[in-house]
2 protein chains.
Amino acid sequence: MAGVKLIEVKEEIMADNAKQAETIRGELHGKKTMLLNLMSSPGSGKTSLILRTMDGLKGSFNLGVIEADIDSTVDAEKVVAAGAPAVQLKTGGFCHLDATMVRQGLDALTEKNFDLIIIENVGNLVCPAEFDTGAHKNVMILSVPEGDDKPLKYPLMFSVCDLLLINKTDYLALSDFDINALRKRVLVLNPKIVILEISCKTGAGIDDWIDWLKKEIEDFKK
Amino acid sequence: MAGVKLIEVKEEIMADNAKQAETIRGELHGKKTMLLNLMSSPGSGKTSLILRTMDGLKGSFNLGVIEADIDSTVDAEKVVAAGAPAVQLKTGGFCHLDATMVRQGLDALTEKNFDLIIIENVGNLVCPAEFDTGAHKNVMILSVPEGDDKPLKYPLMFSVCDLLLINKTDYLALSDFDINALRKRVLVLNPKIVILEISCKTGAGIDDWIDWLKKEIEDFKK
């Protein structure tokens with residue numbers, strides 16, 4: 001009984017969310033602000049990527065950041081210390097961001113003229129994939145220590161993303177991670193996804209990510 | 001509106017779940033079968049730990065395994081290949097196990113005389129912490145590459161566990177992971193938690209885990 005009710009309520013919430021996400025997407029399109037939703041497991045390197053991205057876009061594009069965590073402000077503090085406008089959303093136990101929460105984040109950003117806003121979603125390979133945040137692009141990180149079997153276990157996340165960043169390639173020497181096997185598993189789920197290999201620690205591959213991102217922003221603004 | 005309804009439905013489901021979990025815990029107690037719920041992020045080493053545990057308990061205790069994944073059977077296949085009775089639950093998108101799903105897993109195990117059954121929960125540091133599975137002990141893994149700040153971000157998971165295993169200590173040399181800082185952050189949330197350092201890859205610390213586990217099973221059977 002409870003299960004059926006839950007499914008009905010969930011469908012209603014998903015429909016509401018989809019509507020709100022579409023509104024956000026349209027509004028930001030009008031402002032020429034691209035919204036990018038960054039997702040991964042806990043500790044895959046989302047905040048480190050944002051710090052690298054701030055560096056890479058400096059002088060070209062204006063970046064804002066919406067951080068989400070269940071209960072902490074450490075990520076937004078790091079981003080602000082590094083010089084970008086950022087707000088922290090505390091989800092209060094919620095395991096993902098939805099469009100309403102993103103709206104609160106957008107409203108909380110005091111500066112308004114951004115070329116790009118990155119949402120750092122809650123660290124979770126499951127639930128964030130189900131909720132449209134209003135983003136124009138969805139990007140995920142999989143880090144080498146997590147293993148190359150993850151597309152088999154979390155297929156939805158790999159299916160909804162435009163770009164997969166394989167991070168912590170500096171761990172490859174210590175690991176039996178098989179990049180070719182990973183690529184095959186991902187491309188079966190999502191033939192259009194772009195896959196890049198990076199290390200936020202050493203900087204390897206970061207230029208490729210910045211090139212991809214700049215081109216996406218330029219195309220978006222056309 | 002939808003939000004309020006969701007909270008009400010969630011509370012109802014949580015109450016049902018707590019009741020079912022209590023029933024499972026009591027039944028298994030009567031059979032002297034300890035149920036252990038193993039949780040972590042994706043790729044922290046849950047299946048590797050189970051394989052190590054099969055080895056460590058061989059000849060002493062009879063082990064069964066309930067694997068859970070959103071959509072794959074690779075973990076149960078590994079466990080069965082290594083020689084333990086295992087069933088695979090596909091959660092069909094659900095981000096955690098609840099007591100009803102665990103009941104299905106217990107029913108599906110054809111052998112019935114276990115000293116220990118390990119549940120490998122869905123890889124997720126958020127949702128599994130909220131749902132009582134009926135387990136007698138909750139154990140989590142945090143792996144070194146995930147970083148030492150995770151207790152700040154996922155406090156509930158660290159609060160509900162009896163034991164924390166810090167896995168992939170073989171990565172410590174490549175990492176700025178601060179074990180003392182991690183210990184302090186965890187003990188603030190959960191002063192009674194036991195913390196052990198292991199590497200499923202090299203085998204370092206596995207004896208400490210097996211010693212802890214054997215003592216828990218012996219105490220449980222008294």
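Two strands are taken to pair if DSSP finds at least two bridges between them. The model described here is predicted.

**The sheet of chain A**

On that basis, chain A holds an open sheet of 7 strands, paired in parallel and ordered β3-β2-β4-β1-β5-β6-β7. Its edge strands, each pairing on one side only, are β3 (86-90) and β7 (194-197) of chain A. From one strand to the next, the twist averages 20°.

Within this sheet, β5 and β6 of chain A run parallel and are joined by 5 bridges. Ser143(A) stands opposite Asn167(A), which belongs to β6(A). Helix α4 (residues 99-108) of chain A lies across β2, β3 and β4 of chain A, and the helix runs at about 145° to β3(A).

**The nonpolar core**

In soluble globular proteins, nonpolar side chains tend to be buried together. Here the largest nonpolar core has 116 residues, and those with the most contacts inside it include Ile118(A) and Ile118(B). Beyond its neighbours within four places in sequence, Ile118(A) is in contact with several residues, among them Leu36(A), Ile50(A) and Val65(A).

**The contact between chains**

Chain B has 35 residues in contact with 35 residues of chain A. On the side of chain B that touches chain A, two or more residues come from each of α1 (2-30) and α5 (150-153) of chain B. The largest share of that side, 7 residues, is given by α1(B). The table lists this side of chain B by class.

| Class, side of chain B that touches chain A | Number |
|---|---|
| Nonpolar | 18 residues |
| Polar | 7 residues |

Terms used: Residues numbered from 1 in each chain as written. Chains lettered and ligands numbered in written order. Predicted model: local features only at pLDDT ≥ 70, side-chain atom pairs only at ≥ 80, totals over all residues. Helix = DSSP H or I, 4+ residues; strand = E, 2+ residues; numbered from the N terminus. Axes fitted to C-alpha atoms, helices over the stretch in contact; angles between N-to-C directions. Contact = placed C-beta atoms within 7 Å. Core = buried A, V, L, I, M, F, W, Y, C linked by C-beta atoms within 7 Å. Buried ≥ 20, exposed ≤ 12 C-beta atoms within 10 Å, placed from the backbone. Nonpolar A, V, L, I, M, F, W, Y, C, P; charged D, E, K, R; others polar.
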